[in-house]
Amino acid sequence: MTAQVIDGNALSRQLRAEVAQRAAALTARGHQPGLAVILVGDDPASAVYVRNKVKACADAGFHSVLEQYAADLSEAALLERIDALNRDPAIHGILVQLPLPAHIDDHRVIEAISASKDVDGFHVSSAGALLVGEPGFKACTPYGCMKMLESIGLHDLRGKHAVVIGRSNIVGKPMALMLLQANATVTVCHSGTADLSHHTRQADIVVAAVGKRKVLTADMVKPGAVVIDVGMNRDEAGKLCGDVDFENVKEVAGWITPVPGGVGPMTITMLLVNTCEAAERLGA
Ligand code: NAP
């Protein structure tokens with residue numbers, strides 16, 4: 001069997017076109033969606049991510065602001081900027097690019113963002129809303145993975161067994177909750193899991209969010225399963241690759257997401273969706 005590829009670029013184009021239409025309607029009513037992105041320090045990977053986010057905003061007709069600060073910015077100064085952006089009516093979403101320099105407390109900074117502008121979905125109240133099934137901003141990466149499942153007709157996952165590898169607060173845990181809310185039976189694996197393949201071989205859906213190459217190999221996958229690869233790693237040649245041994249797993253799986261061109265573009269797309277929704281809520 002050769003798996004069908006779930007094309008994150010194509011799905012993103014479709015969803016971003018829909019968001020652009022919503023943004024145009026809001027702009028016509030005087031509420032152009034606005035995103036503020038804050039980058040502290042000079043991490044090259046973070047600089048690329050924020051540039052891509054700001055460009056995606058411009059392409060969708062959003063107002064966007066990129067604020068870049070030196071690595072020695074104090075936590076107090078950063079909190080002051082967030083406070084100003086919380087009160088800025090032209091800004092509906094605030095994103096602080098992580099990781100922050102070690103002297104700044106990530107948690108304190110995220111919690112300083114108004115819950116109504118938490119378009120990354122990292123705020124405790126956003127996580128709590130997801131936990132209890134109330135409306136709130138969903139973390140962009142797992143939200144994008146759910147949209148990928150929906151794009152292949154998997155809306156209600158009743159009767160499906162999903163295995164999530166990874167339990168971070170920004171990917172693995174919210175992913176598990178979103179799958180659970182779509183009625184899947186969910187197993188969450190992590191570095192303490194004994195015999196990972198025992199779990200993955202039973203799964204109809206596997207989401208790999210680890211950050212290590214070839215965590216999921218062909219012998220670990222049930223024939224026909226859906227494989228979603230969140231990982232972002234570099235191979236020996238410096239080329240971007242995921243957590244999944246793509247070349248071999250695609251011969252066993254039914255559906256698979258590539259890296260690049262899979263979950264990555266979907267994450268930015270869902271940031272636009274969340275920002276548009278924030279503008280709709282705040283400017284309705
Ligand atoms: P993280 O915080 O480092 O979490 C990694 C998780 O993997 C942890 O839960 C860890 O277990 C688990 N783990 C480590 N080794 C394992 C193993 N051998 N077997 C099973 N589980 C193992 O990373 P993250 O922030 O969730 O990100 C995960 C990956 O996704 C990274 O490559 C990151 O770059 C990528 N990512 C991509 C996007 C995107 O837009 N495409 C967005 C976010 C993240 P413990 O909890 O026990 O330590």
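**View 1. A model with zero disulfides.** The disulfide count comes to zero in this predicted model. Cys-57 takes part in no disulfide, and the nearest cysteine sulfur, belonging to Cys-276, sits 11 Å away. A disulfide needs two cysteine sulfur atoms within 2.5 Å, so the 11 Å from the sulfur of Cys-276 to its closest counterpart, in Cys-57, is too far for a bond.

**View 2. Two cysteines, and where they sit.** Are these residues buried or exposed? Cys-57 is buried, with a relative accessible area of 0%. Cys-276 counts as buried too, at 0% relative accessibility.

**View 3. Welcome to the ligand's surroundings.** Here you can look for the 20 residues that surround the ligand; the closest are Arg-167, Ser-168, Ser-191, Met-232 and Thr-267. Sorted by class, this shell holds ten polar, eight nonpolar and two charged residues. Which helix gives the largest share of the shell? That is helix H10, spanning residues 263–283, with three residues.

View 4. Start with Ser-168, where an N or O atom of the side chain is 2.5 Å from an oxygen atom of the ligand. For Arg-167, a polar side-chain atom lies 2.7 Å from a ligand oxygen atom. Thr-267 also has a side-chain N or O atom 2.7 Å from an oxygen atom of the ligand. On its own, the ligand has 930 Å² of accessible area, and the protein covers 70% of it.

Key: Residues are numbered from 1 along each chain as its sequence is written. This is a predicted model: local features need pLDDT of at least 70, side-chain atom pairs count only at pLDDT 80 or more; totals for chains, interfaces and linings use all residues. Side-chain values use heavy atoms; hydrogens and water are left out. A residue is near a molecule or strand if one of its heavy atoms lies within 4 Å of it. A polar contact is a pair of N or O atoms within 3.5 Å; within protein, one must be able to donate a hydrogen and the other to accept it, and residues adjacent in sequence count only if both atoms are side-chain atoms. Accessible areas come from the Shrake-Rupley method with a 1.4 Å probe; for residues, only the protein chains shown count as cover. Helices (H or I, at least four residues) and strands (E, at least two) are DSSP runs, numbered from the N terminus. Ala, Val, Leu, Ile, Met, Phe, Trp, Tyr, Cys and Pro count as nonpolar, Asp, Glu, Lys and Arg as charged, and the others, Gly among them, as polar. Buried means under 20% relative accessible area, exposed over 50%, partly exposed in between (1.4 Å probe, protein chains only).
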